[in-house]
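Here are some exercises to work through with the model open beside you. Try each task before you read its solution.

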Amino acid sequence: MPGPDTPPARAAHRTWWRAPLVATLLGLPLLVLEYRWFAAEDGPGAFSGVLFWAAGLLALAWVLPHRRSLRGLRIAVAGTGLGCALLPVTFAVLLGVAVAAS
């Protein structure tokens, strides 16, 4: 029988929301900007999958169970979603630098 100082085995992680919140605050404005940018250029084209994956991974980071054992998975999913949101902007910046350098 667990003692009075032993936490329950499946206790909710108290700060489970930090990784999804940071990733969403940084990634969601980028996703909206990218979607509007691609919509003005006749659709997302090759980046449509990246935009959908980014939105899906950010949503998944919020809906994962709030257990401490899933903290690493939640951080990885939120970080990957943020990385997918940053990919089109990073590609555009690198392409601009390459064109300007030549």
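**Exercise 1. How many aromatic pairs does the structure hold?**

Before counting, note that this is a predicted model, in which local features need pLDDT of at least 70, side-chain atom pairs count only at pLDDT 80 or more, and totals for chains, interfaces and linings use all residues. Residues are numbered from 1 along each chain as its sequence is written, and side-chain values use heavy atoms, with hydrogens and water left out.

Step 1. Apply the pairing rule: rings of Phe, Tyr and Trp (its six-membered ring) pair if their centres lie within 6.5 Å, and planes under 30 degrees apart count as stacked, over 60 as edge-to-face and the rest as tilted. The structure holds 2 such pairs.

Step 2. Trp16 and Trp62 have ring centres 5.8 Å apart and planes at 90°, so this pair is edge-to-face. It links distant parts of the chain, with Trp16 in the segment before α1 and Trp62 in helix α2, 46 residues apart. (Helices, H or I with at least four residues, and strands, E with at least two, are DSSP runs numbered from the N terminus.)

Step 3. Trp37 and Phe38 make a stacked pair, 5.1 Å centre to centre with 20° between the planes.

Step 4. Now compare burial, where buried means under 20% relative accessible area, exposed over 50%, and partly exposed in between (1.4 Å probe, protein chains only). Trp16 counts as buried at 19%, while Trp62 is partly exposed at 31%.

**Exercise 2. Check the length of helix α1, then describe its course.**

Step 1. The expected span of a helix is 1.5 Å times one less than its number of residues. For the 23 residues of α1 (residues 18-40) that gives 33 Å, and the end C-alpha atoms are 33 Å apart, which agrees.

Step 2. Look for a bend, defined as the angle between axes fitted to the seven residues ending at a residue and the seven starting there. Helix α1 bends by about 30° at Thr24.

Step 3. Just after α1, Asp42 takes a positive phi of about 70°.

**Exercise 3. Which residues of α1 are buried, and what covers them?**

Step 1. The buried residues are Pro20, Ala23, Thr24, Gly27, Leu30, Leu31, Glu34 and Phe38.

Step 2. Their cover includes α2 (48-63) and α3 (71-101).

Step 3. Ala19 is also in α1, but it is partly exposed, with a relative accessible area of 22%. Leaving aside neighbours within four places in sequence, Ala19 is in contact (heavy atoms within 4.5 Å) with Ile75 and Ala78.

**Exercise 4. Summarise the whole protein.**

Step 1. The protein has 3 helices and 0 strands, in the pattern α-α-α along the sequence.

Step 2. Buried residues make up 26% of its 102 residues.
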